[in-house]
Amino acid sequence: MSSINNKFICIHGHFYQPPRENAWLEVIEVQDSAYPYHDWNERITAECYEPNATSRILDENRVIRDIVNNYSRVSFNFGPTLLSWMELNAKETYDAILEADRESIIRFGGHGSAMAQVYNHMIMPLANAHDKETQVVWGIRDFEMRFGRKPEGMWLAETAADTATLEVLAEHDIKFTVLAPRQAKAVRKIGDEKWDTVNDRSVNTGQAYRCNLPSGKSIYLFFYNGDISQSIAFNGLLNDGKLFAETLLNALSADKNAQLMHVATDGETYGHHHKLGDMALAFCLDYIEKDKRATLTNYAQFLSLVQPVYEAQIIEDSSWSCVHGIERWRSDCGCNSGGHAGWNQKWRQPLREALDWLRDTVAVIFEKEGEKILRNSWTARNDYISVVLKRSDETIKKFLKSHVLEETSSTRVLRLMEMQRHAMLMYTSCGWFFDEVSGIETTQVMQYACRVIQLANQIGEVELEDEFLKRLELAPSNIPSHKNAGEVYKKFVLPSRTNLKRVGMHVAVSSIFEDEPESLTIFNYSTSNEFFIKKEAGEQKLVLAITNVKSLVTRSEKKFAFAVIYLGKHNIIGNISLDMEPDKFAGMQFRMVKAFEEGRLGDVIGTMQMYFGPEKYTIWQLFSDEKRKILDLITQESMAELVNTLRKSYNSDYPLITALANNGIPIPNTYKATFEYVLNADLVNCFKSEKINIKEMERIASELDRWTLKIEDLGKLSRLAGESIYRELRRISSERENVKRIQRLSRMFPLLKKFNLEPNLHKSQNLYFEISKEEQSDKKTSDSEWLDQFKLLGENLGVKVA
């Protein structure tokens, strides 16, 4: 290789979130700690994943001069379970990530920048042989489906490694992985006999190493630069994009040898952990490209250009985030996230031991039941990823044809596979990473365990929960009221447990607030009505139905009859039955409808109890998100009444309050509170409106100023303002030459300053940039006044297009 251009820089981002989906519903339920977002995936996407797909490079006046996709110029991996969420919930960003890999193939000599990852971030040295294998197979298959190519490298969860794990990677044609410098044990020049012991300070991180394995296979290792990676993640290096770039460039040696300066951190560093970190990264990459002292690359391209001349041995059972090796995921080693003096992590070992017991117990069931119906149970498990990636009838049929010995219940086969899937999900590393056994990450892994127990009972008719709870009770909580993991399981896990009957209850209650649907999809369940009748009398509503509920995961299904009555507000009473005969249902229907139409609500409830029995359910049986949705709907109706009452007071008493103010008489606080509430509600309506009403905003600003009143929820109103600006800009995009529309939007920005609102302009800036580029290339608009106003709008948005 020429000595002129043999210095390379590679920045790797490990983008990952633990699976947060409810183990039964397969959706993430609301997480209040992520407010104002629905959940942490949504929040971190907004703060990090989406900004890195459309990151800004600013000029000397802090105005956007370019918008770039950072992913196309770095090395990266995304957790498969995170990508599956993004595919459904953040499609634009998901598509940008896949496109970045395609761009990187062109940029980096045919080598894409995306690396695969072990499927659900399991600590591989702590996994048994079957799990090691499946984690790698599923990670590869997921990657191939999304990126359309075979992965060259694979990221290990927490870079945790042992020789057995490297063997599995090599067996599946993974060429390389990335490790921390402290994971290097010894190195030697290929062909030499003597090994030189190294540590995190002495290992040369500027080259790749071959690692020869006992099987005769080999894999290449990259040990990243620890000091600079630490500075990026924790020491403020992202505060200055130029300093970031110069730090990387200055770390390159002056000799003629080929060298790779590479760093690796959590990808969330660039925007979530460090606000605007994506922009520091974008500036750094742009600076390095223009500087010419080094060439940006990725690991696969570097391997193709520079043949490794050294080999390395690793320290067994080591990782990047525990100085004690892998103890953070099985013992009270002292590693924690901090902030809780006096807390310990003595719960880690008994939690892992409880899960190990459960895994090994259900493995026996899996093998015993599997051998009756499957050609090879573990081969089938490896191939089950095809169903996980696409749960269609066609995919399931193909899977069954490949692996089932003879005609058997598809539900039984799918339950076996789901039992094993959740037995892996319960080992997601974040369950042990943090400080407390009642944390959301740890309760999540226990929820997966709960699903395993339920499926094992359905398959093998075994009761494992009592023994599992005994083992969890050995894991102490730091919070006295929680006592131990067993109590945490009872408090936070068991209430989430779902079966077809609970889904039927949910359908029954939600049907009160829905139109008359022939069929509904409730998360990963489908419902279809054989009979449905709905009666209304003022606020009161009555629904009777016979409905079929089917799991879209295991294909299990049951038919239910239900009756539910709504008495107003949040007062709902319902009953459900699995085995009500049609004639009996018809008789009940006649009596209940007649009583309801005659206003005899007591008789309606009495008839329900006579036919269904005393057990009933209420709105509190709804799933979390749907419960909030319905309660919000009920609350909004009540709030609308309250707002109307306050507005009447505002309108009727306005002259009186004006007179008081004009005569220097203090205005009662009750009136101030009324005015403030009404004006805040008016401002919310302004931003929710399809069209921007500048005159109304100006009136509200004037009134708030006149009466010295405040904006109540700056976060919510800022979000609504950002959405309003984006909607209006989309109209501008489709109605070129409409000067008044642009002028109206520009008038909004001084008002936002008056309101002290800071809307997220990210999407609007992206769209403005796109419109500007179109104008430059296609000259769609010839109106000079429109172009002048559009330029002014760009100044308000902080975007400048050369």
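Q: Where is methionine 261 found in this predicted model?
A: Methionine 261 is found in strand 12, residues 259–266, and the model is a predicted one.

Q: Why is methionine 261 called buried?
A: Its relative accessible area is 3%, and buried means under 20%, so methionine 261 counts as buried.

Q: What is methionine 261 in contact with, leaving aside its neighbours within four places in sequence?
A: Its contacts are Phe8, Ile9, Cys10, Asn225, Ile228, Leu248, Ala251 and Leu252. Each of these has heavy atoms within 4.5 Å.

Q: How do you know that serine 551 is buried?
A: The same cut-off of under 20% applies. Serine 551 has a relative accessible area of 4%, so it is buried. Its place is in strand 17. Not counting residues up to four places away in sequence, serine 551 touches Leu500, Asn524, Tyr525 and Ser556.

Q: What makes strand 15 and strand 19 the edges of their sheet?
A: Five strands form an open sheet in the order 15-16-17-18-19, with antiparallel pairing. Strand 15 (519–522) and strand 19 (572–577) each have a single partner strand, so one side of each is left without a neighbour in the sheet. Neighbouring strands here are turned by 25° against each other on average, direction ignored.

Q: How do you know that strand 15 pairs with strand 16?
A: Pairing needs at least two bridges. Strand 15 and strand 16 (residues 525–537) are joined by four, and they run antiparallel. Isoleucine 522 stands opposite tyrosine 525 in strand 16. Helix 19 (residues 500–511) packs on this sheet, touching strand 15, strand 16, strand 17 (540–551), strand 18 (557–566) and strand 19. The direction of helix 19 makes about 35° with that of strand 18.

Q: What makes strand 10 and strand 14 a pair?
A: They are joined by two bridges, and at least two are needed. Strand 10 and strand 14 (residues 310–314) run parallel, and tyrosine 209 stands opposite tyrosine 310 in strand 14.

Q: In which sense does strand 10 pair with strand 11, parallel or antiparallel?
A: Strand 10 (residues 208–212) and strand 11 (residues 218–223) pair in the antiparallel sense over five bridges. The bridge partner of cysteine 211 is isoleucine 219 in strand 11. Their hairpin has five residues between the strands, and glycine 216 there takes a positive phi near 100°.

Q: Why is helix 22 called oblique to helix 24?
A: The axes of helix 22 (residues 624–662) and helix 24 (residues 694–706) come within 14 Å and cross at roughly 45°. Roughly parallel would need an angle under 35 degrees, and roughly perpendicular starts at 65, so helix 22 is oblique to helix 24. Their crossing is left-handed. Tyr650, Tyr654 and Thr658 in helix 22 meet Arg699, Glu703 and Arg706 in helix 24. By class, this contact has two nonpolar, one polar and three charged residues.

Q: What makes helix 23 roughly parallel to helix 25?
A: The axes of helix 23 (residues 669–688) and helix 25 (residues 714–734) come within 8 Å and cross at roughly 30°. Angles under 35 degrees count as roughly parallel, and therefore helix 23 is roughly parallel to helix 25. The contact is made by Asn680, Leu683, Val684, Phe687 and Lys688 of helix 23 and Leu717, Leu720, Ala721, Ser724 and Arg727 of helix 25. These residues divide into six nonpolar, two polar and two charged.

Definitions and conventions:
Residues numbered from 1 in each chain as written. Predicted model: local features only at pLDDT ≥ 70, side-chain atom pairs only at ≥ 80, totals over all residues. Heavy atoms only, no water. Axes fitted to C-alpha atoms, helices over the stretch in contact; angles between N-to-C directions. Parallel < 35°, antiparallel > 145°, perpendicular 65-115°, else oblique. Left-handed = near helix turned anticlockwise from the far one by under 90°. Nonpolar A, V, L, I, M, F, W, Y, C, P; charged D, E, K, R; others polar. Buried < 20%, exposed > 50% of the residue type's maximum accessible area, 1.4 Å probe, protein only.
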